[in-house]
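Hi,

Here is the structure I promised to pass on. Please open it first, then read my notes below.

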Amino acid sequence: MKDSASTGFIAVRMENPAVEIDDFEQLVERYRTRVLRFVFASVRDMDLAETLTQDCFWRMYRHRKAFRGDCTIQSWLMKIAINLIRDHARSRRFQFWKKAERVQSEEIHNWPDRGISPEERAAVNEQVQAVWEATRTLSERQRTVFLLRYVEDLQIGEIAQSTGLTESTVNVHLIRAVRGIKKRLGKLS
Amino acid sequence: MKEHFSSEQFARCFIGGATDDERHHIRECSECNAELERLEGAIGSFRRAVRERIEQRSTLRPSFATPSPFVPAAAAKRTWRPVMATAAAVLLGVFPLLMTEGKLPGEATKPSSYDRDANALMDAVSIHLSRTMPAPMERVISLLPQRKSTESGGIQ
């Protein structure tokens, strides 16, 4: 596995994973923002993202004994998060959620972007919105792979661990995702 | 490579999987280069925007960054379950008792029929005990001619 120190992620292959996981509060502090970011970008709602993030850590805590340490904690957490998002997408709650999506998507309209002119900011906002909308139109796997790579800065190997796909399959999904987003941006221009 | 990139080639270049020819083309073709930069810029802005959104949230809710004590949402939901179950059990147990207690005073307002019955029963018992012969015999005895008590051996 490649070292992902450049991304700020501590890719530790633990000698004794159970001991590491026992320090649970520290783990939450270290990984919660990352998990929340990924979940938020996936479900597009902050409150829901926080709930799912908490569930993610709760599930991790319950199954901490089963962690064998054959992947990084971040990969494991992301795997749990992906499953939770998938479960949620299949639940009835999500059907209701989809109906209300228009209202909740307002939350992402005003992206903060400091130090640029209003015109530039409007242009950036438009681009951000286009990418945001494009991620919605992607398939679940394409979106997951794309967000893990370009929001969370995970390496292809880590994405493969988190998703249970091979690296070549991750690459294929990533290319399709970027194509979809470029298509959307093309329409915009 | 003289033609401009297809969307797949752009995507491959973007994720870092370009061939040597494609890399060469990107360096040479200003149009494709600008297009790739535009794509990179848009995705970079998106990435930054998501990160800033999360930072904003953490600033608004500082406790979020360092949760202490950690209470998972699922756990919080589960802690309510036994509480709710206990409350329901208590209600189910206490409610019939309250209802029973509520009934007793109600019944206390109308014990007269019961008392009446009890008095009637006691009267009947008294009459029965005061009889000198069994009740079925009374009618037969009344048909017999009356004799002097000395002759009847004390039978009245």
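This is a predicted model: local features need pLDDT of at least 70, side-chain atom pairs count only at pLDDT 80 or more; totals for chains, interfaces and linings use all residues.

Start with the overall fold. Chain A has 10 helices and zero strands.

Next, burial and surface. Chain A has 189 residues, and 52% of them are buried.

Now the contacts. Take those in chain A between residues at least 6 apart in sequence. Of these, 66% join residues at least 24 apart.

Then look at one helix. Helix α4 of chain A covers residues 73-90, which is 18 residues. From first C-alpha to last, α4 reaches 26 Å. That is close to the 26 Å expected at 1.5 Å a residue. Several residues of α4(A) are buried, including I73(A), W76(A), L77(A), M78(A), I80(A) and H88(A). Q74(A) and S75(A) are also among the buried residues of this helix.

Last, one lysine. K182(A) sits in helix α10 of chain A, residues 167-188. Is K182(A) buried or exposed? Its relative accessible area is 13%. Buried means under 20%, so K182(A) counts as buried. Which residues does K182(A) contact, leaving aside neighbours within four places in sequence? They are F10(B), E35(B) and L39(B), in chain B.

Best wishes

Notes
Residues are numbered from 1 along each chain as its sequence is written. Chains are lettered from A and ligands numbered from 1 in the order in which they are written. Side-chain values use heavy atoms; hydrogens and water are left out. Helices (H or I, at least four residues) and strands (E, at least two) are DSSP runs, numbered from the N terminus. Buried means under 20% relative accessible area, exposed over 50%, partly exposed in between (1.4 Å probe, protein chains only). Contact means heavy atoms within 4.5 Å. The expected span of a helix is 1.5 Å times one less than its number of residues.
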